[in-house]
Amino acid sequence: MKTFYNNDENYVNEMLEGILNAYPNMLKKANGEIRAIVRADTPVNGKVSIVTGGGSGHLPVFMGYVGKGLLDGAAIGNVFASPSMNQMLTLTKAVNGEKGVLYLYGNYGGDIMNFDMAAEMAEEEGIKVKSLLVADDIASEKKGNESARRGVAGLFYAYKIAGACADEGASLDEVYNTTKSALEGVRSLGVAISPCTVPGASKPSFSLDKEEMEIGMGIHGEVLS
């Protein structure tokens, strides 16, 4: 696979700097942290703030949905890797509009660990935080164990519903409950017609013949078989 970037180590930061330079009227760093991107008008006082995060390599998820009526910010990790606890805490403090912060993100172990620690530290600083995991991918876990499923395309609906609810002046509990209720009806199934090649890797994550497709591929290019 042909690629276009300068250096594996600088790939993510250079990508983020480019996006910030292209949209200075819409996005900015959170307190100088390049891996924490927020709305240019952050913080929006009197509104529940909604933040997300995850590894890079998924655009427009995650930072592609930062903006009015959607997310207030996103923390970005390395390719397919979780952002750090400090990046998420910096993000939380930057977006806080004194009405609470909703962590809204996909159901992945690394994200859960770091985001839970960030939430605990934010609470110690007086910022109320609630967390809601998106788990919509039916290929990753059978019916009856929905909470263990991966979060994939359903993230978009979560962002839109939570963002609209927050813009209407709802409380943190109301935004959380409305979004949670909507997500109970969201399901997705990934289909791949070609594999991905992670920057720095020498070969694709898996192989497919020309007339094959993969049913159930995850957000990191992982396959079930």
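A helix here is a DSSP run of H or I at least four residues long, a strand is a run of E of at least two, and both are numbered from the N terminus; the expected span of a helix is 1.5 Å times one less than its number of residues. The model is a predicted one, with local features needing pLDDT of at least 70 and side-chain atom pairs pLDDT 80 or more, while totals for chains, interfaces and linings use all residues. Numbering runs from 1 along each chain as its sequence is written, and side-chain values use heavy atoms, leaving out hydrogens and water.

Helix H1 (residues 11-22) comes out as the rule predicts: its twelve residues should span 16 Å, and the end C-alpha atoms sit 17 Å apart, which agrees. Its buried residues (under 20% relative accessible area, 1.4 Å probe, protein chains only) are Val12, Met15, Leu16, Ile19 and Leu20. These cover an arc of only 130° around the axis (taken from the directions from the axis to the C-beta atoms), so they lie on the same side of H1. They pack against strands S1 (27-30), S2 (33-39), S3 (49-56) and S4 (73-79), with contact meaning heavy atoms within 4.5 Å.

On a 1 Å grid over the protein atoms alone, a cavity is a set of points where a 1.4 Å probe fits but cannot get out; lining residues have an atom within 4 Å of a point. Met15 of the buried H1 set is among its lining residues, as are Phe62 and Ile76.

Methods. Buried means under 20% relative accessible area, exposed over 50%, partly exposed in between (1.4 Å probe, protein chains only). On a 1 Å grid over the protein atoms alone, a cavity is a set of points where a 1.4 Å probe fits but cannot get out, and a pocket is an open set with protein on both sides within 12 Å along at least five of seven lines; lining residues have an atom within 4 Å of a point.
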